[in-house]
Amino acid sequence: MPDYNWPEPDSAALVGKRISRVDGPAKVTGTAKYTYDVTRPGMLYAKVLRSPYAHCRIVSIDVSAAEKLPGVEAVYVVQGAGTEIHWQGDDIAAVAAVDEQTAEDAVQNIKVQYKQLAHLVQEEDLSKAGDRAKPAAEQVVGNPDEAFAAAEAVTVEGYYGTSVVTHCCLESHGFVAEWEGDTLTVYPSTQAVERLTGQFAEALKIPATNVHTMMQYVGGGFGSKFAVDRWGIAAAHLAKQTGKPVKLMLERAPEQMVAGNRPSVYAKVKIAAKPDGTLTAWESDSWSTGGMGGGGSPPMPYIWNFPHQRKRHTAVSINAGSARAWRAPNHPQGCYVTMCSIEDLAAKLKMDPLDLVLKNIALTGERSELYRQELLKAAELMEWKRRWHPRAQGSPGPVKQGLGLALHTWAGRGHAAECRITIHPDGYVEVSTCTQDIGTGTRTVIAIVAAETLGVPMEMVKLNIGDNHLPPGGSSGGSTTVGGVSSSTRRAAMDAREQLFARIASGLGTTAENLETVNGTVRVKNDPSKGFTWKQAAAKLGVNPVSAMGKNPDEAKGALTSSGVGGVQMADVSVDTETGVVRVNKMVAVQDCGLIVDMKTAESQVYGAMIMGIGYTLFEERVMDEITGRMLNPNMEFYKLAGLADTPEMVVHMWTDAEQQKRGVIGLGEPPTISPGAAIANAVANATGVRVPTLPLTPDKVLAALEKGGLA
Amino acid sequence: MADKRKDKAEETTKAGISRRKFLKGVGVGGGMLGSGVLSGSLLQDGHGAQAAATKVLGPGAVAIELNVNGKRWPLTLEPRVTLLEALRDHLELTGAKKVCDRASCGACTVILDGSPVYSCSVFAIEAQGKTIQTVESLADGDTLHPVQAAFVENDAQQCGFCTPGFVMATKALLDKYPNPTAEQMRLALGGNLCRCGTYVGIRQAVMQAAQNSPQNSHQNSKTRAPQAGRQSRAGGGHSNA
């Protein structure tokens, strides 16, 4: 049995190098087919009538006019008379027609009588939440009362919050559904091709074996695309009713209203330290919403294990679209509240926050030494010690510059995944696993691992992914994919290689254990003159390919993935104190994530996460109107993403020492999106001398904070 | 013909624009309005120059012809069908994407008579008689266009959904300014949005593609273009600056 491990960095031909993503050409030429691009013969287009109200009951629904419209082939009532609707945009009825325009006309011809009910759509003012607020039990660690009462304690109190933000996937959620007899074929836009199988089967009461799900490309998910959703079931019903394929993609407004958002958090925090900056006590009263279901409870204090703590959290149920996992669920909120309060304490103590966090680094637990080194590296890249100044003591004039920092962590252990590798007699290698590439580079990583292990060029590797008839490859969530699929691929490739060696060793006058694959050859170890080219070796297989399965985890075959990554980010901002506009000048990220398979796409994850972070820190928020119960910005001109012009100078430093190499492959997609909120907000506080309490840091809030602080 | 007579007989305001013509101008040219430029026919109607040529189309399907990627395509579609829908649903050119559907994000960018436009906000019937270039036209077989090659090399893409729009916006920029300044790039690509945050790679890709641009050797690098950006749309709309 081979020794299941990763290649040593100095011997690796591909692993850890900078390799362009293998599906790049398909994406830049427009030939990559997303679900939104799928066209089937005779396909109909579906549109959905959605509730205009945040809370109402459907009194009656009349679809007859819609049904009679020429070109309309079916109407499916999703939620009929008598149903209570709990948020604006919820699905009421779906129409399938010959084209999009006719379907839109038909939706407008559905007559619904609603009885409006009382709603609550805002949560920041907890006093107005009434019985919609559900407090959880208080949690206490140590003796916080004593710690805060200590004579020497220096305390600081603050209020911090992050608003609800949406996933805003560029490819909206949706499906193409098609029946052949009792078998349903679905093209979903999803992060979970195989998981949808069971969801469709259960909802439609058909055997899971009758559901075929296929997807090659998905235009973003960020945690919002794991479910079949009401509209997916509606598409399947419409396809059944009409006997034709049906495409149902959400319009931009419902995408923003109902297809996913990140819970808010608001918190009143008090922390205490000794005069030398040693952190002693934490107390927080926090609340959040995730829609009807309440909302997540962010980990607080985040990373810093204060010896004494008291925490109370309240979930608020509101009448708005439900939260979904949003890239590193709960961590950005917890990081924001915690790191902002620590920065405020440092300011009160007149300490450089870098010194304060270094002084307390042991409170971060077993990662503390790595954090310390990462902080120092980030400080070097930001020239922190040369450039940091005490609050509001930077440049004269109306534009103020400042620095801020934050730290984060994530788990990221590789999930369960299986992979089949076949070496064909013509030398081509087939890798089959039902995973999906959500833009993180999953295809590229799998191809690198297979090619590295077999010593062949990546062009020889053919990938089959995104089809539930393939071996299970897991969902793309929790940054668990790269560890899962790279481990299963590595084991499958090593086993396939062993089989190949066993079949051809005698032809080289040796035995399997004396063979190795290097740079397109199969040769005898210690006698490189004896060997075959890869193609010659594969040809020796005759008519029978070799095929092997690999899986993760597989205790008998060692661990190729582990858990626990982290990083440090620093931000340099300018704040125009006359206009309230914040600009990020530079960001630095130092990030560890075990063994990196492809440096190029790994760095892209960090750059992208930080840019998404700039978006939620400066621009993004779901704006709800309490009077009408409606979302005021379900679009992309008033729900603002960061653009090219908002992108600062960015420095990404991946931590790749020998220790990380030994840890195996660990996920990266989520962790770097955690710190930007706190790092940028702390830089704004450093620049201006005032705390802008809640994200996003829009000009109006910056000006209000300056005025409150007497600095306007 | 009946329409012509009606138009001629119609009362005009003192400014020379009839209410009916104004609405028609907005209706047909609405996409262009959305893109920040008044419909040419509306402006000229104001001076009475083209009133006679205005023709009411629809609401039923009409026969039109589009010149896409060097080929002429006869199509029958309703006047309300956008250029994006015509390309995607009628010609199966699915590189351009509908994302915001209202000229905010640039995922639907195609090049119309040499200028980048939001095809979600141009009616197909408006695009008649103009040359339309889509992302599908750039590569020569397996050989990528320099812009495309630079996007791959610099990993200027993640999920890839915005990528065709960025590629076309970049091509239009480099066609006009083979050596763009950072400011020209910012303006020209400011009307495109990426959710995965690939702007660092995009910046590098644009500069690399500029270096590899075939026109570059003919360009006098001392000639600084006065202004970048899109004639037919607002660029830089997403900057807070």
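This is a predicted model: local features need pLDDT of at least 70, side-chain atom pairs count only at pLDDT 80 or more; totals for chains, interfaces and linings use all residues.
## Ground rules

Local features need pLDDT of at least 70 and side-chain atom pairs count only at pLDDT 80 or more, while totals for chains, interfaces and linings use all residues. Residues are numbered from 1 along each chain as its sequence is written, chains are lettered from A and ligands numbered from 1 in the order written, and side-chain values use heavy atoms, without hydrogens or water.

## The sheet in chain A

Let's begin with an open, mixed sheet of four strands in chain A, ordered S19-S27-S28-S29. Strands here are DSSP runs of E with at least two residues, helices are runs of H or I with at least four, both numbered from the N terminus, and two strands pair if DSSP finds at least two bridges between them. Strands S19 (399–410) and S29 (649–655) of chain A are the edges; each has a single partner strand, so one side of each lacks a neighbour in the sheet.

S27 (residues 565–576) and S28 (residues 582–592) of chain A run antiparallel, joined by ten bridges. A:Met570 has A:Val588 in S28(A) as its bridge partner.

## Helices across the sheet

Helix H10 (residues 368–382) of chain A lies across S19, S27, S28 and S29 of chain A, at about 30° to S27(A). Angles run from 0 to 180 degrees between N-to-C directions, with axes fitted to C-alpha atoms, for helices over the stretch in contact; contact means heavy atoms within 4.5 Å.

## Chain B

Over in chain B, there are eight helices and five strands, following the pattern α-α-α-β-β-α-β-β-β-α-α-α-α along the sequence.
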